[in-house]
Amino acid sequence: PDYVVSVDASPLIEPYYDKEDVKEQDIILPLCASPTIKNKSPRTHWYMPSIDKVTDNIINKLTGLPIIQSYGTVTNTACTLAEYMGAKEIVLVGVTFGWPEGTPYEQMDWYNKLKETGASEELVMKAHKTIEHPVWKTKYISDPLFDIYRKGFYKWLESTNVKVINATGGGTVFH
């Protein structure tokens with residue numbers, strides 16, 4: 001890749017930057033990322049995830065950092081960044097915003113989080129819906145967080161002139 005983009009601030013992502021195909025790439029990190037990751041490439045760039053227009057303006061004036069709308073996912077961050085850099089076309093690969101049908105619910109983050117609250121099985125299952133891709137006929141299970149990510153992505157799509165081609169071959173992103 002030419003660029004490696006992250007939205008995650010956790011130090012747990014640091015080992016992913018040790019890979020040989022990443023070390024010489026431009027790394028684009030949110031300001032909240034662990035500074036130790038910065039040392040993985042001589043070409044580290046920082047950005048501030050967008051909060052709201054007023055806060056964004058203040059942070060930009062104080063730090064000089066670019067503000068990037070991430071909508072919470074690396075897909076959305078990378079697309080926003082590609083648009084900012086002048087891309088006319090983006091091809092999505094591996095963007096599902098869901099769990100493949102057949103994934104055990106116990107492996108799904110929101111299933112476990114909702115169960116921990118003491119919510120009934122019926123309520124927990126209502127928060128998870130199966131979505132069938134109209135072209136590929138694959139089925140994916142969406143949860144509340146994937147729903148938010150997908151809505152954020154669609155919001156970006158409505159505001160851009162960039163041509164987006166989804167080459168994922170499934171998932172919950174279509175239209």
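Reader: How many bridges join strand β2 to strand β3?
Author: Strands (E, at least two residues) are DSSP runs numbered from the N terminus, as are helices (H or I, at least four residues), and two strands pair if DSSP finds at least two bridges between them. Here β2 (residues 26-30) and β3 (residues 44-49) run parallel and are joined by 4 bridges, with Leu29 opposite Trp46 in β3. This is a predicted model, in which local features need pLDDT of at least 70 and side-chain atom pairs count only at pLDDT 80 or more, while totals for chains, interfaces and linings use all residues. Residues are numbered from 1 along each chain as its sequence is written, and side-chain values use heavy atoms, leaving out hydrogens and water.

Reader: Which strands stand at the edges of the sheet?
Author: The open sheet has 4 strands in the order β1-β2-β3-β4, with parallel pairing. β1 (3-5) and β4 (67-68) each have a single partner strand, so one side of each lacks a neighbour in the sheet.

Reader: Which residues have the most contacts inside the largest nonpolar core?
Author: In soluble globular proteins, nonpolar side chains tend to be buried together. A nonpolar core is a set of buried Ala, Val, Leu, Ile, Met, Phe, Trp, Tyr and Cys residues joined through side-chain atoms within 4.5 Å, where buried means under 20% relative accessible area, exposed over 50% and partly exposed in between (1.4 Å probe, protein chains only). The largest core here has 20 residues, and those with the most contacts inside it are Cys79, Ile90, Leu92, Phe97, Phe153 and Trp156. Its largest share, 4 residues, comes from α7.
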